Amino acid sequence: MSDLPFTLDQLRILKAIAQEGSFKRAADSLYVSQPAVSLQVQNLERQLDVPLFDRGGRRAQLTEAGHLLLNYGEKILSLCQETCRAIEDLQNLQGGTLIVGASQTTGTYLLPRMIGMFRQKYPDVAVQLHVHSTRRTAWSVANGQVDLAIIGGEIPGELSESLDVIPYAEDELALIIPVFHPFTKLEKIQKEDLYKLQFIALDSQSTIRKVIDQVLARCEIDTRRFKVEMELNSIEAIKNAVQSGLGAAFVSTSAIAKELQMGVLHRTPIEGVVVKRTLWLICNPNRYRSKAAEAFSQEILPQFANPGWNQDVLKLTQKSLMLTTLEVATPSSSGED
């Protein structure tokens with residue numbers, strides 16, 4: 001084929017229909033008319049000479065060819081966005097975009113503080129924060145949709161070789177109880193006392209719940225013996241339930257600073273036990289690393305990190321810059337000098 005049988009607009013439309021499940025909702029999300037969307041899809045199918053949607057059902061379902069085109073189309077659109085951001089970088093942080101990813105706890109309680117500090121220094125840089133599960137966040141970094149991320153769970157095994165994963169900080173998990181609970185009169189409690197408490201926990205299938213259970217197991221605390229009275233779907237709901245006297249819970253210390261200061265929750269130490277988990281910084285060394293991402297890594301991340309972490313990220317930055325330089329210096333395959 002001498003000419004490409006599709007345009008970037010057609011790929012955007014295809015992606016929107018796949019995400020929204022209908023031509024009408026896709027048209028609304030793109031701020032165009034439904035007939036315009038339908039016409040573009042018809043032109044695309046005619047140019048490719050294959051059907052892209054099975055129109056038999058109520059929801060727009062991709063055919064096998066549609067799924068194949070969507071898979072490659074998302075990669076093409078991602079590279080286009082990366083190209084635009086690289087060009088924006090030429091303005092030397094007088095514009096551009098920084099996209100940061102995070103798992104639930106870090107995205108709710110840690111990253112907003114960091115982004116606030118960054119925005120004070122670089123108000124012209126647009127910052128986006130994407131908060132999802134560790135798995136989804138890792139894939140977003142791998143696909144180039146996110147510059148870097150801080151997560152608390154385990155990276156999917158299939159991504160371990162394609163991402164740089166650096167220990168970033170220690171996140172302590174604290175036992176919180178209602179301020180009127182009898183244990184508040186004790187300086188410390190014993191491990192066995194935990195099994196006398198009624199617990200409020202996240203859903204058993206949530207990533208954060210699994211991470212907490214794993215960390216407690218390493219401290220020889222058997223969470224299977226906990227009396228879980230209630231399962232909720234957010235840290236904020238758990239804090240409110242504990243504050244209301246419904247039970248105890250383990251939560252990140254970063255999530256309870258305000259409540260402890262106000263005196264509406266009580267943190268109870270456990271004799272001989274400090275429950276910690278590692279937070280990880282992840283990024284993709286094979287993707288373009290923007291000036292905004294470099295500034296965030298060098299000026300903001302070290303303020304919340306483990307001692308010595310800045311030297312690790314410096315090595316990572318040098319590696320990324322070397323890769324970028326090599327890509328720029330590599331002659332093109334067009335035969336030009």
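Here are some numbered notes on the predicted model above, meant to be read with the structure open.

1. **Ground rules.** This is a predicted model, in which local features need pLDDT of at least 70 and side-chain atom pairs count only at pLDDT 80 or more, while totals for chains, interfaces and linings use all residues. Residues are numbered from 1 along each chain as its sequence is written, and side-chain values use heavy atoms, with hydrogens and water left out.

2. **The overall picture.** The protein chain has 11 helices and 11 strands; these are DSSP runs numbered from the N terminus, with helices being H or I of at least four residues and strands being E of at least two. Of its 337 residues, 43% count as buried. Here buried means under 20% relative accessible area, exposed means over 50%, and partly exposed is in between, using a 1.4 Å probe and protein chains only. Looking at contacts (heavy atoms within 4.5 Å) in the protein chain with a separation of 6 or more, 74% are between residues 24 or more positions apart.

3. **Helix 1.** The buried residues of helix 1 are Q10, L11, I13, L14, A16 and I17. What covers them includes helix 2 (23-30), helix 3 (34-48), strand 1 (53-54), strand 2 (61-62) and helix 4 (64-88). After helix 1 comes G21, with a positive phi near 85°.

4. **Two loop residues to check by eye.** Most residues other than glycine have a negative phi. Y31, in the loop between helix 2 and helix 3, has a positive phi near 60°. D49, in the loop between helix 3 and strand 1, also has a positive phi, near 60°. Are these residues buried or exposed? Y31 is exposed, with a relative accessible area of 76%, and D49 counts as exposed at 66%.

5. **T63, a loop residue that is covered.** T63 is found in the loop between strand 2 and helix 4. T63 counts as buried because its relative accessible area is 18%, under the 20% limit. Not counting residues up to four places away in sequence, T63 touches P51, L52, F53 and D54.

6. **The nonpolar cores.** A nonpolar core is a set of buried Ala, Val, Leu, Ile, Met, Phe, Trp, Tyr and Cys residues joined through side-chain atoms within 4.5 Å. The largest has 37 residues, and L175, L194 and F250 have the most contacts inside it. Strand 6 (164-177), strand 7 (198-202), helix 7 (207-218), helix 8 (235-243) and strand 9 (249-252) each supply at least two residues of this core. Apart from it lies another core, of 25 residues, among them L148, I150, A293 and L301.

7. **Strand 7 and its partner.** Strand 7 is mostly covered, with 4 of its 5 residues buried. Strand 7 pairs with strand 8 (residues 227-232) in the parallel sense over 5 bridges; two strands pair if DSSP finds at least two bridges between them. I200 stands opposite M230 in strand 8. Together, strand 7, helix 7 and strand 8 make a right-handed β-α-β unit, where right-handed means that, with the strands pointing away from the viewer, the path from the first strand over the helix to the second runs clockwise.

8. **L111.** L111 is found in helix 5 (residues 104-121) and is buried, with a relative accessible area of 0%. What does L111 contact, leaving aside its neighbours within four places in sequence? The residues are V100, A102, T106, L129, I150 and F296. The C-alpha atoms of L111 and L129 are separated by 8.0 Å, although the two are 18 residues apart along the chain.

9. **Cysteines.** How many disulfides does the structure hold? There are 0, a disulfide being a pair of cysteine sulfur atoms within 2.5 Å. For C84, the nearest cysteine sulfur is that of C80, 6.9 Å away. C84 is partly exposed, with a relative accessible area of 46%, whereas C219 is buried at 17%.
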